[in-house]
Amino acid sequence: MSKITRIKGFADYFPPESEAFTFMENAARDVFSRYGYRELRTPVLEKTELFARSIGEETDVVKKEMYTFPDRKDRSLTLRPEATAGVMRSYIESGLATREPYSKLFTFGPMFRYERPQKGRMRQFHQINAECLGLTEPSVDAEVVAMLWQFLSSIRIPNLSLEINTLGCRECRPAYNEALKAYLDSVPEDGWCEDCLRRKSTNPLRVLDCKVPGCKALVDNAPALVDSVCEECSDHFGQVLAHLDDIEIPYTVNKRLVRGLDYYNRTTFEVTSGEIGSQSAVAGGGRYDGLIRDLGGPDQPGIGFACGMERLLLLLPEEEAPRPDVYLAILDEAGMARGFLILQAMRARGIIAEMSPAPKSVKAMMRQANRLRSRFCLLMGPDEIARDVVQVKNLDSGDQNDFSVTSESDLDALADFLR
Ligand code: HAM
């Protein structure tokens, strides 16, 4: 019979990877809660229109990468390619803005993009995502970046660079778009890729984000947003950078950073690592004032970021796998029931304990205990059963002791010894 395999670009995660995922999520929970963020869980499936309207029709994500299909009633649904759009939908639908002055929310989970899989790029990947809704101040932008930075430091990701830029606002972007369009039109048409030829008129900012080398070279001389934004945007950006200086977060202003999604304005940022090859962005985010209103919600500003967990996984320092405390070796059938009681008593006292499911020879048991890397082996043969003891062997030092196991206090003493 032929085997059923997993879908290309989708992965199973066994330990230690699955444990690393939990470790990252717990670290994020810990850091984010100190900044007042609370967890939100949203569906992986949404109406297609949500992503088309928020991320933008001209983006690669919406144009080429979404898993979109009709349901049984022919409604177009999409597996979420990112979390922000769903969080906005949920924020609007729940009326959260009427119940609290501002909302700080985080989400974890799988996202789906039909990209060409390679190291650090999957079709199902996982994000740690945070959004701060309802606050416009530059200090909030700096706080969001600081939270991301603190999270990445807490999981000891080495050698990261933070790039930051401003994308202006609805007031100043149209004039910039005109200037950019004039520049793009001044370049001979055969220089651009097919997509950019179209984007030039439909959404010129997207040309700045094109990954085709020819287009990348051509946009080098394009006017930069940071030089053309209005006074308010320039002032906002200056204050964000000043706050980052104050709290000593190192950054580089990258005038070419536009990000791949249409909803951004003002502050945008990306964190990259030089150590994971071409898919170097480990996190990205920015401000998206206007998005909530565009999706039919209240006129509330927002800013957030997402980290790619698969990319962080490539950078996490290797942790030694935890060792079980005890392997309980039962040498004959008569000891099985008694052994099971001791096993449960140890687990109830917080000891990580395993037991042989069937009696075997001492040699076979010791081999198994060593394979599991247990710290101790507890041996129970006919002699130990008769004396109501277990023989406790320290597998690192080889020391051996008998422990009585008749009363609750005996079991407490045994657990204390094994801890
Ligand atoms: P994004 O830059 O599209 O932003 O994705 C954020 C991060 O997700 C990337 O920096 C990368 O680490 C990871 N990532 C993206 N695509 C893949 C993939 N195919 N395989 C593995 N990892 C990937 C967003 O998604 C925005 N929603 C972030 C945001 C939140 N902005 C404001 N709030």
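**Note on salt bridges, surface patches and a covered strand**

1. The model is a predicted one, in which local features need pLDDT of at least 70 and side-chain atom pairs count only at pLDDT 80 or more, while totals for chains, interfaces and linings use all residues. Residues are numbered from 1 along each chain as its sequence is written, and side-chain values use heavy atoms, leaving out hydrogens and water.

2. The side chain of R387 meets that of D402 in a salt bridge of 2.9 Å, N to O, a term that stands for a side-chain nitrogen of Lys or Arg within 4 Å of a carboxyl oxygen of Asp or Glu. Because D402 belongs to strand β16 (residues 400-404) and R387 to helix α16, the pair ties together parts that are 15 residues apart in sequence; helices (H or I, at least four residues) and strands (E, at least two) are DSSP runs, numbered from the N terminus. D402 is likewise partly exposed, at 40% relative accessibility. Elsewhere, salt bridges with shared partners link E58, D60, K63, K64, D195, R198 and R199 into one network.

3. Across the whole structure, a search finds 35 salt bridges. One of them joins the side chains of R199 and D60 at 2.9 Å, N to O, and since R199 lies in helix α8 (residues 194-202) and D60 in helix α3 (residues 60-65), this pair ties together parts that are 139 residues apart in sequence. R199 is buried, with 5% relative accessible area, whereas D60 is partly exposed at 27%.

4. A further salt bridge is formed by R338 and D388, whose closest N and O atoms are 3.4 Å apart. R338 sits in helix α14 (residues 336-348) and D388 in the loop between α16 (382-387) and β15 (389-394), so the pair ties together parts that are 50 residues apart in sequence. Both partners count as partly exposed, R338 at 26% and D388 at 29%.

5. On the surface, V44, L45 and F69 form a nonpolar patch with about 210 Å² of accessible area together. F69, from strand β3 (residues 67-70), is partly exposed at 34%. Patches consist of residues with over 30% relative accessible area and no salt bridge, with like charges joined within 9 Å and nonpolar side chains (Val, Leu, Ile, Met, Phe, Trp, Tyr) within 5 Å; areas come from the Shrake-Rupley method with a 1.4 Å probe, and for residues only the protein chains shown count as cover.

6. Strand β6 (residues 124-133) is mostly covered, ten of its ten residues being buried. The buried residues include Q124, H126, I128, A130 and C132 on one side, and F125, Q127, N129, E131 and L133 on the other. Strand β5 (residues 103-112) pairs with β6 in the antiparallel sense over ten bridges, pairing being assigned if DSSP finds at least two bridges between two strands. Within this pairing, A130 in β6 is the bridge partner of F106. Strand β11 (residues 302-308) also runs antiparallel to β6, joined by seven bridges, and there G308 stands opposite Q127.

Note on methods: Buried means under 20% relative accessible area, exposed over 50%, partly exposed in between (1.4 Å probe, protein chains only).
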